[in-house]
Amino acid sequence: MKTVTVSVVTPDGPVLEDSFEMVSCKAESGELGILPGHIPLVAPLTISAVRLKGERPQRIAVSGGFLEVRPDKVTILAQSAEKPENIDVERARKARERAERRLQAKKDEIDFRRAEFALKRALNRLDVVEEKR
Amino acid sequence: MASLRDIQNRIGSTKKTKQITKAMHMVSASKLSRAEENATAFVPYSAKIQEVVASIAGSGQDAEHPMLQERKVKKTAYFVITSDRGLAGAFNSSILREVYRTIEKRHSSKDEYAVITAGRVGRDFFKKRDIPVLKEIVGLSDQPNFADIKDLTSETVQLYIDEEIDELIVFYNHYISAISQEVTEKKLLPLTDLSENASGNNSMYEYEPNQQDILDVLLPQYAESLIFGALLDSKASEHASRMTAMKSATDNADDLIGDLTLQYNRARQAAITQEISEIVSGAAAQE
């Protein structure tokens with residue numbers, strides 16, 4: 001199988017660099033599957049899981065990121081990106097509860113949107129952890 | 001002349017101070033190396049995001065975005081990065097002096113500017129001088145994560161998008177080496193100098209869904225990453241500056257202890273000499 005190098009970088013440092021056969025992720029416009037040799041592409045990602053398929057499959061929870069594709073290299077730039085083993089489940093659960101409470105309280109719009117994003121991030125993290133098990 | 005006991009007390013207290021400054025020196029040294037690591041870890045991200053932004057903005061296809069356009073400046077925001085604690089030599093004072101001078105020079109009315117501060121020293125400085133502080137963050141850890149300041153950076157960028165501010169200038173101590181840091185002024189928003197640092201491999205990208213939407217996502221992220229970069233840089237400077245300050249404090253304490261010990265020995269010798277001469281003269285009087 002042809003492979004493509006995937007690197008995931010965040011402001012806190014690189015998270016992963018390895019070769020994979022396919023990258024499957026959720027862009028703002030819908031699901032994207034990237035195979036080796038893809039034309040150069042840039043797409044923003046939603047708060048979601050990125051699935052990397054290959055000999056050593058990986059799943060990564062990303063938030064606030066985008067994808068840059070070149071024929072031989074895929075780079076994911078995200079404000080946060082975590083492998084399942086690095087996710088703090090307890091913290092994510094707490095974040096989920098907090099966000100749910102805030103959503104119930106329904107204050108002004110900015111708070112509401114923030115809570116919504118926080119909830120999405122927390123759910124995404126929990127999903128990624130659970131899928132792995 | 002100070003008595004023997006006085007001198008001894010001063011030697012004792014100076015030794016204690018020296019112990020503390022020495023410990024702080026060591027702590028700062030190790031924090032500095034961590035801060036350097038953090039700054040290095042950030043480089044791949046910033047280099048990549050810069051490359052992508054530059055190639056999109058420089059592609060010439062009428063990439064228009066409010067963050068790329070200069071508009072009439074009605075209000076300038078200064079993002080000032082200081083530390084939470086003092087004892088860092090000229091770290092805080094030099095940057096605050098520079099910012100204060102700049103504001104005095106450029107603006108005549110209070111409506112024209114505001115500051116955003118990171119660090120307690122900066123916040124207190126501007127509050128005391130009645131300079132409007134738009135946003136502030138204190139209590140940042142020595143090894144800040146992006147998550148720690150994400151709220152501040154996104155709110156700051158939002159201020160610009162909402163046109164509450166028309167220009168964002170960051171002031172921070174740029175880390176050159178362990179013994180030299182430089183106060184640096186950098187204009188962050190609007191992003192005007194993008195196409196200049198467009199790299200050679202200007203590959204044409206496909207945009208999904210389109211260029212405009214990508215810029216909407218990418219530019220705020222880019223601006224936030226610039227702020228974070230400045231913060232990391234400043235943290236490294238802070239530790240370096242504190243390390244140097246503590247090093248010289250330790251050296252000064254050593255000098256002082258040396259001087260005091262000399263003084264103490266002289267005083268002791270003088271006391272002994274005096275005692276002997278008293279005994280001798282006492283004995284002479286007996287004869």
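Twelve residues of domain 1 of chain A are in contact with nine residues of domain 2 of chain A, where contact means heavy atoms within 4.5 Å. This is a predicted model, in which local features need pLDDT of at least 70, side-chain atom pairs count only at pLDDT 80 or more, and totals for chains, interfaces and linings use all residues. Side-chain values use heavy atoms, with hydrogens and water left out, residues are numbered from 1 along each chain as its sequence is written, and chains are lettered from A and ligands numbered from 1 in the order in which they are written.

**The two domains of chain A**

- Chain A splits into domain 1 (4-84) and domain 2 (87-131); these bounds come from an automatic or database domain assignment.
- Taken over C-alpha atoms, the centres of domain 1 and domain 2 of chain A are 23 Å apart.
- Together the two domains of chain A bury about 920 Å² between them, with carbon and sulfur atoms giving 55% of that. Buried area here is the accessible area (1.4 Å probe) that two parts lose on being put together, summed over both.
- On the domain 1 side, A:Ile47, A:Arg59 and A:Pro84 lose the most area to domain 2 of chain A, and together they make up 52% of what that side buries.

- One salt bridge is counted between domain 1 and domain 2 of chain A. The term means a side-chain nitrogen of Lys or Arg within 4 Å of a carboxyl oxygen of Asp or Glu.
- The side chains of A:Arg125 and A:Glu82 meet in a salt bridge, at 2.5 Å from N to O.
- Seven residue pairs are in polar contact across the interface of domain 1 and domain 2 of chain A, both residues at pLDDT 80 or more. A polar contact is a pair of N or O atoms within 3.5 Å; within protein, one must be able to donate a hydrogen and the other to accept it, and residues adjacent in sequence count only if both atoms are side-chain atoms.
- β6 (48-53), β7 (58-70) and β8 (73-82) of chain A are the elements that give two or more residues to the domain 1 side. Helices (H or I, at least four residues) and strands (E, at least two) are DSSP runs, numbered from the N terminus.
- β7(A) gives the most to that side of domain 1, with four residues.
- The domain 1 residues that touch domain 2 of chain A divide into five nonpolar, three polar and four charged.

**Where chain B meets chain A**

- Chain B puts 29 residues into the contact, and chain A puts in 25 residues.
- About 2200 Å² is buried between chain B and chain A, of which carbon and sulfur atoms give 63%.
- Two salt bridges turn up across the interface of chain B and chain A. The side chains of A:Arg70 and B:Glu51 meet in a salt bridge at 2.6 Å, N to O.
- Five residue pairs are in polar contact between chain B and chain A, both at pLDDT 80 or more.
- On the chain B side, α1 (4-57), α4 (146-161), β6 (206-207) and α5 (211-286) each supply at least two residues.
- α1(B) gives the largest share of that side, nine residues.
- Sorted by type, the chain B residues that touch chain A come out as 17 nonpolar, four polar and eight charged.

**Strand pairing**

- Strand β5 (residues 41-45) of chain A and β6(B) run parallel, joined by two bridges; strands pair if DSSP finds at least two bridges between them.
- A:Val42 stands opposite B:Tyr207 in β6(B).
- Within chain A, strands β1 (residues 4-10) and β2 (residues 13-20) run antiparallel with seven bridges, and a hairpin joins them through two residues.
- A:Thr5 has A:Ser19 in β2(A) as its bridge partner.

**Backbone details in chain B**

- B:Leu189 and B:Pro190 are joined by a cis peptide bond, with omega about -5°. B:Pro190 is found in the loop between β5 (180-189) and β6 of chain B.
- B:Asp130 has phi near 60°, a positive value in a residue other than glycine. B:Asp130 lies in the loop between α3 (120-128) and β3 (133-137) of chain B.

Definitions and conventions
Ala, Val, Leu, Ile, Met, Phe, Trp, Tyr, Cys and Pro count as nonpolar, Asp, Glu, Lys and Arg as charged, and the others, Gly among them, as polar.
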